[in-house]
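This report looks at charged side chains and at a nonpolar core. Please keep the sequence and the 3D view at hand while reading.

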Amino acid sequence: KEFAKALDDIFEATRKRIIRRSLRLALQPVLWAAKLNAPTLQVAAGRKQLDKRRKPGTLRDALRIASTRYEGAYGASAKVGVRPLTRAKMVAFYAATRRKGADNPDDPFYAHMVERGTSKMDAKPFVRPALEQEASSALEIFRHETGQGIEAEARKRARLAHRQSGG
């Protein structure tokens, strides 16, 4: 309740900035845990080498924190997820090889299949367990960073008011 009241007193743009920053910082431990949990490509049973269409660590390296703005009470949300290849990288791969995107070893398009499984493959979740493992620390970091942001904004406003009053 104290956070909500303090946030209501702050300008909307500042409130959104504080929340977005706090969310991104709070999700850092979740991101690190997800990167540690992410399965790395291994040589399949009965094969002598890795599939040339995949690179070890592609899934881990594509994990990012994404924050979004929206019109709502607090105006921001954040998530840990896999960042897809950019359109430019897909086009460049096709131009260089004349092969489809699924053959691109840098494309983590299969992340949802690894996380949730398919009819032919068991799930190997790595983001959900990371969130469950780090939820309490993420919440604590969010509380702390939001409080720090509110205090910093209050100090900034006090300095501004003092200057305007001729002090």
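## Salt bridges

A salt bridge is a side-chain nitrogen of Lys or Arg within 4 Å of a carboxyl oxygen of Asp or Glu. Arg60 forms one with Asp61, with 3.2 Å between the closest N and O atoms. The model is a predicted one: local features need pLDDT of at least 70, side-chain atom pairs count only at pLDDT 80 or more, and totals for chains, interfaces and linings use all residues. Residues are numbered from 1 along each chain as its sequence is written, and side-chain values use heavy atoms, with hydrogens and water left out.

Relative accessible area sorts residues into buried (under 20%), exposed (over 50%) and partly exposed (in between), using a 1.4 Å probe and protein chains only. Arg60 is partly exposed at 31%, and Asp61 is partly exposed at 43%. The structure holds seven salt bridges.

Side chains of opposite charge can pair when their charged atoms come close. Arg53 and Asp103 meet in a salt bridge at 3.6 Å, N to O. This pair links distant parts of the chain, 50 residues apart: Arg53 lies in the loop between α3 (28-37) and α4 (58-62), and Asp103 in the loop between α5 (87-97) and α6 (111-116). Helices (H or I, at least four residues) and strands (E, at least two) are DSSP runs, numbered from the N terminus.

Asp103 also forms a salt bridge with Arg99, at 3.8 Å between the closest N and O atoms. Through shared partners, Arg53, Arg99 and Asp103 are joined into one network. Is Asp103 buried or exposed? Asp103 is buried, because its relative accessible area is 12%. Arg53, at 37%, is partly exposed, and Arg99 is partly exposed at 36%.

## The nonpolar core

A nonpolar core is a set of buried Ala, Val, Leu, Ile, Met, Phe, Trp, Tyr and Cys residues joined through side-chain atoms within 4.5 Å. The largest one has 18 residues, and those touching the most other members are Val30, Ala34, Leu59, Leu63, Val80, Phe126 and Val127. At least two residues of this core come from each of α3, β1 (63-69), α6 and α7. Which element gives the largest share of this core? Helix α3 does, with four residues.

Arg163 is found in helix α7, residues 127-164. Arg163 counts as exposed because its relative accessible area is 62%.
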